[in-house]
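Colleague: Could you take me through the aromatic pairs here, and tell me how each label is reached?
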Amino acid sequence: MNFATFFAPQSRMQLASLAVAALLMVGIAGQAVAAPSLEHQVVDAEGKVLNLSDYRGKVVYVDFWASWCGPCRKSFPWMNEMHSRYQDKGLVVLAINLDTDKDDATPFLNALKPQFNIGYDSEGEVARSFDLLGMPSSFVFDKSGKLVKSHVGFFTEQTSEYEAELVALLEQPQ
């Protein structure tokens, strides 16, 4: 897969979101990038604050995505499946949208109907602290809140490996 296929914006707004995401991925010049952690907040569609630290004690799968991201469309059905299968065992899936205008995410969400938590980071503050290298980017935290895995991109041929990572963490004592 080449860069043009990986990032295929289809409108001016998507192109603007792509530009913002590109800046986030390489980091804004001169700004220090903190290590990924659960010490962040995002807002949901209704403007309610979601504190990632509230999920400590659970296995947390944080996924950064944008409406223009092709591989993100492939990851959402898998995240729905993981959420459905493991939420009662302590898995939290939180997908954080990076579109500069959260309304750009609406058609994407209407089409894919996520059953897990969606947060918005249109200013990219949380994304900068995670030092994204591509889209989507996912980060897996164990029950103590420690980052244990991260993935750049989403590859359907690796979903059994992704799931095995989650299962192993869910089976660990707290």
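Modeller: Gladly! Rings of Phe, Tyr and Trp (its six-membered ring) pair if their centres lie within 6.5 Å; planes under 30 degrees apart count as stacked, over 60 as edge-to-face and the rest as tilted. By this rule there are 12 aromatic pairs. The model is predicted, so local features need pLDDT of at least 70, side-chain atom pairs count only at pLDDT 80 or more, and totals for chains, interfaces and linings use all residues. Residues are numbered from 1 along each chain as its sequence is written, and side-chain values use heavy atoms, with hydrogens and water left out.

Colleague: Why is the pair of W78 and F154 called tilted?

Modeller: The ring centres are 5.8 Å apart, against the limit of 6.5 Å. The planes stand at 45 degrees, so the pair is tilted.

Colleague: What makes this pair a tie between parts of the chain?

Modeller: W78 belongs to helix α3 and F154 to the loop between β7 (147-152) and α6 (159-171), so the pair ties together parts 76 residues apart in sequence.

Colleague: Why does W78 count as buried?

Modeller: Buried means under 20% relative accessible area (1.4 Å probe, protein chains only), with exposed over 50% and partly exposed in between. W78 has 7%, so the label is buried. F154, at 6%, is buried as well.

Colleague: And what makes F130 and F139 edge-to-face?

Modeller: Their planes are 70 degrees apart, with 4.8 Å centre to centre; edge-to-face asks for over 60. Both F130 and F139 are buried.

Technical notes: Helix = DSSP H or I, 4+ residues; strand = E, 2+ residues; numbered from the N terminus.
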